[in-house]
Amino acid sequence: MSGCCGQGPVIVSGAAATPRVDVETVLLCDVLPDGTVAGVALVEPVYDTISGDRVGTRTVNPVTGAAYTPGGTLQPCQPDGCNATTTAQVLCDEAADGTLTHFVRATTYDCEGALLGTLDRTLDGAAYTVTGTVGVCPTSPDCESPTTPVTSVGLCLADGTPIAVTVVRDCAGAVTSEGWINLSTGAWSAGAVPVGTVACGESRSIQVSGTFCDVDAGGDVVGLVLVEYTYDDTGAIASVRLVDAVTGGTYTPTGTVTVCPAGVEQPERDLLQLCDTAPDGTVTPFVRDYARDETGAIVGHSDYALDGTPYTPTGTVGMCGPDTCTNTTSVLLCDAPADSTVTVAPTVTDGTPADVAQTQFTALGGAYTALWSGGSLVFPADPGPAQTNRMAVGQFLANPAGCDGASGTLTVSVRVTQDGPGTGQLWDGALRLFRGTTVLADDVVLNYAPPGHVQTLTVSTPVTAADLTAGDIRIGLVLETFHGTPKSWTADQFSATVALDGCDATAATQFLRHLVTDCETGEVVAQADTTLDGDPYTVTGDVAQCQPVQSSDTCRNCVPIVLCDSTDTPGAAPHSFLRTVCRDCDGNLLGVTDTELDGTTAYSVSGEIVDCAAAEACGDVEIAQLCDLVAAPATPIPVPADSFTLTGNVVVIGDTLQFSRNNVAVTGVAERAVTGLINGAASALQFEAGWGGGGNPPATNDAIYKVDILDGATVLATSTVNLSNGSGSAGAVVAQPPLAFPAPSSGSITVRFTDLSTGGALNRDLVIRPLTVDTEGTSLTARPFLRAYAYDCTGQLQTTTDTELDGSTAYTPQGEVGVCSEMSDTATTTEPSPVNTGVRAVTGAAAQDLAAEFPALQSVSLAVLAGAVNVTMSDGTDVPIPAGVTLTWSVSKDTDTALTVASFAGADASASYLLNWTHS
């Protein structure tokens with residue numbers, strides 16, 4: 001479960017228990033006049049849980065549960081002065097994804113406090129198996145917003161009907177009551193619970209007696225036994241189970257279970273936390289449970305992880321203590337590439353049909369750069385009357401280093417969308433690859449492609465690196481734009497890659513391996529790899545010592561060495577640099593080159609050269625985390641076409657809304673909600689519009705749009721524009737004047753586009769491309785960074801250096817710098833919207849899409865009362881949730897705004913469940 005400030009709802013359904021009684025148990029011994037213990041009796045006083053009156057007493061055999069008639073006097077058993085005790089605690093089982101599951105752990109201890117056994121059960125009494133990490137349940141998780149409803153149970157009306165009280169707990173822990181739910185009918189009522197509501201008296205429970213002994217015929221104790229009693233709704237014993245006092249498992253007697261003879265003690269066990277040190281230096285703490293006999297000698301042990309699960313050590317076991325003395329040594333190594341395959345993304349430049357001898361096609365006008373770079377390109381409809389096929393041609397160019405003579409496979413793909421209005425006729429186009437003027441491969445478009453048809457065309461062909469260097473390979477995309485009727489196309493998602501085999505292996509990458517060794521043993525306890533600049537590095541090939549560089553004309557060996565320059569600056573730390581010493585094959589010195597650790601930037605020594613490991617700078621460097629108060633403009637909110645809710649004759653094609661296509665009635669409306677605006681800020685809707693269709697109809701046949709900005713039913717801004725205005729030529733999709741409006745106090749608006757085109761069914765095709773909602777205003781963010789203060793030996797400040805939190809990336813403050821804790825009140829964010837709540841009792845299979853109903857959904861809780869409920873969240877898979885299960889989902893990070901998917905539907909007509917939610 002997750003939520004703002006406390007445990008999520010736990011709903012338990014079931015018929016009300018009419019009798020409300022409580023049973024207290026007392027284990028007594030039946031002592032005859034001569035002092036002999038004739039037997040053991042369990043005395044059970046029965047109390048009314050409402051009035052507190054004692055309503056009866058039962059005396060039963062603690063082993064069988066049958067009625068027991070004393071033969072002497074019942075008095076406390078005194079074999080050794082004490083009995084075992086059992087306590088219960090609610091703990092949490094935390095899964096890997098952070099989900100918390102509450103369960104009850106019952107723990108039994110002997111008179112000396114030694115652990116006898118544990119038993120885990122769910123909150124409603126079923127057996128439970130731990131799957132994650134066990135710990136104390138958090139009393140107040142990280143509080144972000146008071147959005148999670150809490151449902152408390154365990155209450156009943158005066159007539160015994162079970163109810164649940166719904167409350168909302170804010171981040172300060174204050175609880176506000178909302179109402180209560182009748183768990184039998186699902187009905188919800190606002191306000192306080194009715195007078196007479198009390199804790200439900202359902203008395204089903206399990207209790208465990210003290211410790212007994214299993215005594216064989218010879219009088220020897222062969223086992224220690226606990227007696228577990230299970231009670232029904234009336235408080236009577238429903239069943240009895242014998243439990244092994246050591247293991248917690250069911251016990252089968254071999255003799256007679258009775259009071260333990262004097263002198264028999266429970267087994268002792270000691271718990272000790274130890275540490276398991278793996279060969280790589282990883283230390284894992286665990287618990288060792290020692291078993292002792294009556295003399296105190298250790299007779300065995302069991303190992304457990306800290307969550308109570310069995311654990312097997314894999315390294316060296318020892319006491320956990322403070323960090324041991326270690327030394328760190330850095331070694332320069334090389335990461336050699338594992339293969340010589342190079343993947344190339346060639347550049348594409350525009351060409352003409354004549355370049356590939358395809359002059360039967362007409363060149364598409366304009367530049368094609370948008371398509372080659374991964375964007376979209378429109379092939380507009382032609383007016384005819386002659387059949388027209390437009391063609392876009394591109395030339396591939398690439399010159400990968402070290403790939404002379406290499407060859408591979410070039411793969412090209414592009415997606416095309418038939419935008420209409422007409423249907424394709426016979427051959428509608430193709431994607432073709434050429435070497436010179438020779439067609440190497442082609443993939444044709446579907447014949448007679450209808451409007452709305454979407455198809456990805458893919459072609460592949462063998463090529464050489466020389467082909468790409470010479471520019472011999474070209475691509476051509478041909479699409480039919482008029483044949484009987486006009487039609488336009490949109491091409492996008494273009495990609496072109498070639499994998500070349502036979503390239504020279506790329507140079508090995510130098511990196512530093514930092515080895516941590518034990519000061520006393522010299523054993524390597526840990527290691528880490530970084531770049532020469534200190535950034536984390538991941539090896540991708542084979543690790544080896546860096547090989548000396550071999551000149552093609554002179555035999556030479558070059559060895560890099562990391563040294564330190566003490567520099568001439570007083571108090572400054574030694575500067576690490578790389579010295580590369582080159583000698584010929586006879587050992588004669590050829591040259592010495594000093595560079596920065598990147599191996600390329602020249603470095604000039606300014607002080608004494610020393611061994612880095614032995615260098616110690618005079619002075620001190622102190623590092624403080626500060627905050628830079630940065631002002632940033634509010635980010636535009638995108639409103640893509642596919643996020644709108646469509647009504648009537650309007651469809652989404654690519655990134656546009658297209659209304660009344662193919663001469664249908666003008667009924668299209670598209671709208672969506674926009675949240676997160678700053679109250680009162682000047683805002684504006686950015687969008688583009690155009691129209692399709694041709695011919696010469698009168699001015700009464702025009703492409704007209706209306707756009708509204710709404711705050712609920714209140715119109716904040718509106719605009720109606722006639723795009724065609726009597727024109728007979730289609731209008732391109734171009735930017736429209738921004739529609740300005742003031743952001744309402746709620747921070748939420750509705751954007752609505754309405755098709756008002758005239759002419760009945762013979763109308764223009766309106767095209768809208770929604771872009772963003774922009775808002776003025778700024779937000780202040782306290783951005784943390786590190787400032788290093790360098791002092792000399794006299795304590796005088798020499799320099800300051802600012803970096804990102806990684807300690808290496810340079811940082812330049814952009815605003816006011818100060819202590820982070822003192823700037824928390826200055827850095828502000830947009831005030832959150834009010835939180836609203838809802839609850840719904842559902843029966844049957846009708847779908848409940850809360851995310852669609854409430855776009856700003858913050859949390860939702862599901863309690864399945866009967867049947868099963870199919871739940872769909874953002875992973876897109878229906879999951880059936882059975883009766884008796886309660887689940888909660890909520891936003892949990894500062895960057896979260898709403899639950900995007902939350903849909904529920906009963907598996908069949910028998911399903912019954914409760915939903916309660918919050919939304920802003």
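**Terms and the values behind them**

The protein holds 3 helices and 65 strands. This is a predicted model, in which local features need pLDDT of at least 70 and side-chain atom pairs count only at pLDDT 80 or more, while totals for chains, interfaces and linings use all residues. Residues are numbered from 1 along each chain as its sequence is written, and side-chain values use heavy atoms, with hydrogens and water left out.

Q: What makes a segment count among the 3 helices and 65 strands?
A: Each is a DSSP run, numbered from the N terminus, with at least four residues (H or I) for a helix and at least two (E) for a strand.

Q: Why are S45 and S46 called paired?
A: Pairing requires that DSSP finds at least two bridges between two strands; strand S45 (residues 650–653) and strand S46 (residues 656–659) are joined by 4 bridges and therefore qualify, running antiparallel. Val650 stands opposite Phe659 in S46, and in this hairpin, with 2 residues between the strands, Gly654 takes a positive phi near 65 degrees.

Q: Why do S59 and S62 stand at the edges?
A: The order of the open, antiparallel sheet is S59-S64-S61-S62. Strand S59 (848–849) and strand S62 (878–882) each have a single partner strand, so one side of each lacks a neighbour in the sheet.

Q: What share of the residues is called buried?
A: Buried means under 20% relative accessible area (1.4 Å probe, protein chains only), and 37% of the 920 residues are buried.

Key:
Buried < 20%, exposed > 50% of the residue type's maximum accessible area, 1.4 Å probe, protein only.
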